[in-house]
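Hi everyone, thanks for coming. Let me put the model on the screen, and then I'll walk you through it.

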Amino acid sequence: EIRIEARAALSGNWGKGIIVTIVYWLLSIVASLPQVLFPEGSVAGGIIYLLAYIFFAFPVAFGLNMTYLRFSRGETLDADHIFGAFHATFYKKSIAVNLLSAIYIFLWSLLLIVPGIIKSLSYCLAPFILIDNPSLTGEQAICQSMKMMDGHKMDLFLILLGYAGLSILSALLLFIPMLWIVPYYMTVITKFYENVKAEYAPVTVIE
């Protein structure tokens, strides 16, 4: 049902979705420039790349979530919304929620791959929760995501399996289909969030 809703929402908007994807990719390339500009194995290049990823790529990824959440609620699918996380309200929190999620997933993955996967599923709604509740901290958004994903992790896992299959197929075609797959995936994930959120509205803060 979520996939059907996503395709219906994207009907007539595929072109805008492709533009948003291209802009997102270009910004991601900008964040990775230190790897190109510095010699391989350079400590300085590695540090600058890490800082660029944290302070630029994380907010851009958060802005992509914001773009599709607005789109799911009737707003125009506009690439300008990708820069929404650079607003003072969200900038620091967009970094915090993504950085904490990455650290937690990494630590869980040190145990085994499966716990890392489970936690990545548990944390996936945190950016959307933070967009809807900017008064929350990154940690609170992650905790709320864990609560909301209780009983829904397998549903999301199956969605991601379908996306993985499409991504593999795209690799055989020089990744060109990703221009369509990314908007489809982002719309599906956003619809998934809206459905799960409906069970927990209004979102409550976990102390």
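Arginine 73 is partly exposed, because its relative accessible area is 41%, where buried means under 20%, exposed over 50% and partly exposed in between, with a 1.4 Å probe and protein chains only. Before going on, please note that this is a predicted model, in which local features need pLDDT of at least 70 and side-chain atom pairs count only at pLDDT 80 or more, while totals for chains, interfaces and linings use all residues. Residues are numbered from 1 along each chain as its sequence is written, and side-chain values use heavy atoms, with hydrogens and water left out.

Which partner does arginine 73 meet in helix α10? The arginine 73 side chain forms a salt bridge with glutamate 194 (2.7 Å, N to O); the term means a side-chain nitrogen of Lys or Arg within 4 Å of a carboxyl oxygen of Asp or Glu. Arginine 73 sits in the loop between α4 and α5 and glutamate 194 in helix α10, so this pair ties together parts that are 121 residues apart in sequence. Helices here are DSSP runs (H or I, at least four residues), numbered from the N terminus. Glutamate 194 is partly exposed, at 22% relative accessible area.

Arginine 73 also meets aspartate 132 in a salt bridge (2.7 Å, N to O). Aspartate 132 belongs to helix α7, so here the parts tied together are 59 residues apart in sequence. Aspartate 132 is partly exposed too, with a relative accessible area of 23%. Then aspartate 132 pairs with lysine 197 (3.1 Å, N to O), which links helix α7 to helix α10 across 65 residues. The count comes to 3 salt bridges, and through shared partners Arg73, Asp132, Glu194 and Lys197 are joined into one network.

Now for the pockets. Rolling a probe the size of a water molecule over the atoms shows where empty space is left. A pocket here is an open set of points on a 1 Å grid over the protein atoms alone, where a 1.4 Å probe fits, with protein on both sides within 12 Å along at least five of seven lines; lining residues have an atom within 4 Å of a point. The largest pocket holds about 760 Å³ of space. It is lined by 29 residues, and closest to its centre are Ala61, Asn65, Asn98, Pro127 and Tyr185. Which helix gives the most to this lining? That is α4, with 8 residues. By class, the lining has 23 nonpolar, 6 polar and no charged residues.

The second largest pocket has a volume of about 240 Å³. Among the residues lining it are Glu1, Arg3, His152 and Phe192. Helix α10 provides the largest share, 4 residues, and this lining divides into 6 nonpolar, 2 polar and 4 charged residues.

Let's finish on two other spots. In the loop between α9 and α10 we find leucine 174, whose phi is near 65 degrees, a positive value in a residue other than glycine. Leucine 174 is exposed, at 71% relative accessible area. Phenylalanine 175 lies in the loop between α9 and α10, and its phi is near 65 degrees as well. Finally, helix α3 holds leucine 37, which counts as exposed because its relative accessibility is 65%.

Note on methods: Helix = DSSP H or I, 4+ residues; strand = E, 2+ residues; numbered from the N terminus. Points joined across faces, edges and corners; volume = space filled by probe spheres on them. Nonpolar A, V, L, I, M, F, W, Y, C, P; charged D, E, K, R; others polar.
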